[in-house]
Amino acid sequence: MSESTTYTGFWQESPRPGILGWLLSTDHKRIGIMYLTCIISLFIVGAILGLAIRLELIAPGETIMGAQTYNATFTVHGIIMIFMFLIPSIPAAFGNLLLPIQIGARDVSFPKLNLLSWYCYIVGAILAIIAIFSGGGAPDTGWTFYVPFSTQTTTNVNLAAFAAFMLGFSSILTGINFVTTIHRLRCEGMTWGRLPLFVWTLYATAWIQVLATPMIGITLVLVILERVFGAGLFDAARGGDPILFQHLFWIYSHPAVYIMILPGMGVISEIIPTFARKPLFGYWAMAFSSLGIAFAGSLVWAHHMYASGMSDFAVLIFSFLTFIVAIPSAIKVFNWISTLYKGSIEMAPPMLYALAFIFNFAIGGLGGLALGAAASDIHLHDTYFVVGHFHYVMFGGGGFALFAAMHYWLPKFTGRMYNHKVAVIGWALLFVGFNVTYMTMQAVGVAGMPRRYYDYLPEFTTLNQVATAGSWVMGLGLLIMFVNLWRGMCSGRRVGKNPWGATTLEWEVPSPPPLENFGEEDPVVTKGPYNFKGVVADEY
Amino acid sequence: MSIEHRDDTGARFGMWLFLYTEVILFSGLFILYAMALAKYPAEFSDASHKLNIYFGSINTLVLLTSSLTIALAVSAIQMGRIKQTLILCWITIALALVFLINKYFEWSAEISHGIYPGSEQLAEMGPGITTFFNLYYFTAGLHGLHVFIGGTLIGVVAVMTAKGKVTSDRYTLLENSALYWHLVDLVWIFLFPLYYLLYH
């Protein structure tokens, strides 16, 4: 490393000193770090609520909380994990950190709008927290705000829905920014065919954010208006239609699951080639499968509603379209595995998380097919199988991808390396605990245990206890992982530009990157993103 | 400290993306309208007759004219005619105010007849008419909010033009505000026939 040992890159370079240098910063890296800090903090809150849910379910009957508290707990767990953790997690945090550097730009297209999106996020998060402790109590509708319950409950749904609206606005602004940035700010030589796959997935994600998010905006506004005026737009007795709410809600919220998983797939597509020392297999197939998932995923929303009342023909169509989404998803899995084939694989911590992602995502994806098929869905609908399934894709996929990204890129942005041995221990506990918890949930769901109850029949006791024990292992793994990363970032060994021997542009700038990323001259790209010839990892 | 970066095409591109999100925002209400119209065609027609077509027509004329004035303002700034630009911006804002005042009187009249979301008189008219007026108030209300935002935006840009921050070679802000204003106009072009001009 040529820089002096006191070099701290963008952590110190700022037009304003102190805390204002962060709160008023338009530097994409600072905004990314601010997003990451908030997202991880809220994740910890959400995870504690999740552990509380599991603890309540350790035995039939009331264990640590009553029915109303339980309803509020899983609602707040869902709202935090979906709207405040998963949706912004990789795009807003690592997208901001990496997108401009990876395409050779100095910042995003609209830096001020970028800061505004962070403020929208913060306002949304604060309002959501206020909603828990004020008014008629924490919302108890589930994160889906389904009518008619959401228009009738006396809990603080208005504020929570408005908070989600603000978070959606933040997401839209990020999406507009990223699409524009990728179109306009690629450096010389950075053709579409040389974009790193992470950028391709951010591009597909940003389009979903722009295309779909306004729909949840208007839906939530209508819920609030219904509650304020009692108009009856979703009340069948007064000419409305409650099923229409579900359609409007899922028109956004199904594409939203691809907002949560697509950038994660991009992270995995970066990590696998680096630690297999091979170019990614099937570059264009990977790029277009991202767009394919974004497109096809926007047409399948009603597969959440097979049990709500739809014509058989509509069920058939949505079931068919759901199976279509499996094709680009499978292309990705096969291409990752093909990249590993005959590679020189190094089991570094980011790689372990990436491999865990593939494993979890494959299980979650196949479970999705069982739910997408109308016949099996009627049996599995509203059981714990659904809960197990979406945790496999959302947490086992999106969450693990975020952890992979943290282990892969945080050394880049802090200039320091964490302890690898501890990281592997944390990963192993997390991976084992995760599978014990959610595989058991799938099993208990197939056996017929419904979701959303604080109580259950005695015959489900053993499996629930296994799942709760698994959640403790998982919690311990998370704790070890976060502590290890934190210690590493504060006082770990210093690393050079390229500790992993990776090939995308961010590894050619110092760690941490300076303000404006590149020195006097803009970079010029002359080759594809995964050309490992002659690239060696820096010692650290 | 930071290198000045300017990309007018990028700014316009971003604005078009944003306009797209606005279209989707309104489309939620249009979907509800389409479903309700299919369910209650006769009731929707009856309800439409209860609206005052003069208010609606005048507001259509007002908004179309304001779209013309803001488009002329963009042309004027391109030719460097600052004074003309400012006059046209202020006319646009005045027309926006006329629209909102008109709306205020229209809604006052309807509310005084007991027609508003959640009212008992409306509920007595049956589910079809209730749904029509619920959608009418929510859609026109959201549109009115956009008229207010758009007018404010044009006001801010006009002040910036007066201060010399928007000029003949740096007018993307005005252009984007005008684009927003055209969208507000466009939404109304769909609202007007759907709510005021329904006949059997």
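# Helices, contacts and exposure in a predicted model

Student: Which hand does the crossing of α4(B) and α6(B) have?

Tutor: The crossing of α4(B) and α6(B) is left-handed. Keep in mind that this model is predicted.

Student: Why is α4(B) called roughly antiparallel to α6(B)?

Tutor: Start with the angle. The axes of α4(B), residues 82-112, and α6(B) cross at roughly 160 degrees. They come within 9 Å. An angle over 145 degrees counts as roughly antiparallel. Therefore α4(B) is roughly antiparallel to α6(B).

Student: Which residues of α4(B) and α6(B) meet?

Tutor: On the α4(B) side they include I82(B), W90(B), F99(B) and K103(B). On the α6(B) side they include G144(B), F148(B), I154(B) and A162(B). By class, the residues of this contact divide into 14 nonpolar, seven polar and one charged.

Student: What makes α1(B) roughly antiparallel to α6(B)?

Tutor: Use the angle again. α1(B) and α6(B) pack at about 165 degrees, with their axes 11 Å apart. The cut-off is over 145 degrees, so the pair counts as roughly antiparallel. α1(B) passes α6(B) in a left-handed crossing. From α1(B), the contact takes L29(B), L32(B), Y33(B) and A36(B). From α6(B), it takes T131(B), L135(B), F138(B) and T139(B). Six of the residues in this contact are nonpolar, two are polar and none is charged.

Student: How many helices and strands does chain B have?

Tutor: Chain B has seven helices and zero strands. Its C-alpha trace spans about 65 × 30 × 30 Å along the principal axes. Of its 200 residues, 38% count as buried. Among the contacts in chain B with a separation of 6 or more, 76% join residues 24 or more positions apart.

Student: Why is R81(B) called partly exposed?

Tutor: Count its neighbours. R81(B) has 15 other C-beta atoms within 10 Å. Buried needs 20 or more, and exposed needs 12 or fewer. The count of 15 falls in between, so R81(B) is partly exposed. R81(B) sits in the loop between α3 (53-78) and α4 of chain B. Its C-alpha atom is 48 Å from that of I115(B), which is 34 residues away along the chain.

Student: How do you know that L127(A) is partly exposed?

Tutor: L127(A) has 19 C-beta neighbours inside 10 Å. L127(A) belongs to helix α4 of chain A, residues 111-133. Beyond four places in sequence, L127(A) is in contact with L159(A), F162(A), A163(A) and M166(A).

Student: Why does K342(A) count as exposed?

Tutor: K342(A) has 9 C-beta neighbours inside 10 Å. The limit for exposed is 12 or fewer, so K342(A) is exposed. K342(A) lies in the loop between α10 (312-340) and α11 (349-372) of chain A. Its phi is near 60 degrees, a positive value in a residue other than glycine.

Student: And why does N517(A) count as buried?

Tutor: N517(A) has 23 C-beta neighbours inside 10 Å. Buried means 20 or more, so N517(A) qualifies. N517(A) lies in the segment after β2 of chain A. N517(A) also has a positive phi, about 70 degrees, although it is not a glycine.

Student: What is the omega of the cis peptide bond that joins V147(A) and P148(A)?

Tutor: Omega is about 0 degrees there. P148(A) is in the loop between α4 and α5 (149-152) of chain A. The bond from S511(A) to P512(A) is cis too, with omega near -15 degrees. Most peptide bonds are trans.

Student: Which residues touch the most other members of the largest nonpolar core?

Tutor: They are I268(A), A404(A) and A405(A), in a core of 219 residues. Beyond four places in sequence, A404(A) is in contact with residues including V267(A), I268(A), P350(A) and F357(A).

Key
Residues are numbered from 1 along each chain as its sequence is written. Chains are lettered from A and ligands numbered from 1 in the order in which they are written. This is a predicted model: local features need pLDDT of at least 70, side-chain atom pairs count only at pLDDT 80 or more; totals for chains, interfaces and linings use all residues. A nonpolar core is a set of buried Ala, Val, Leu, Ile, Met, Phe, Trp, Tyr and Cys residues joined through C-beta atoms within 7 Å. Two residues are in contact if their C-beta atoms, placed from the backbone, lie within 7 Å. Axes are lines fitted to C-alpha atoms, for helices over the stretch in contact, and angles run from 0 to 180 degrees between N-to-C directions. Helices (H or I, at least four residues) and strands (E, at least two) are DSSP runs, numbered from the N terminus. Angles under 35 degrees count as roughly parallel, over 145 as roughly antiparallel, 65 to 115 as roughly perpendicular and the rest as oblique. A crossing is left-handed if the near helix is turned anticlockwise from the far one by less than a right angle, and right-handed if clockwise. Ala, Val, Leu, Ile, Met, Phe, Trp, Tyr, Cys and Pro count as nonpolar, Asp, Glu, Lys and Arg as charged, and the others, Gly among them, as polar.
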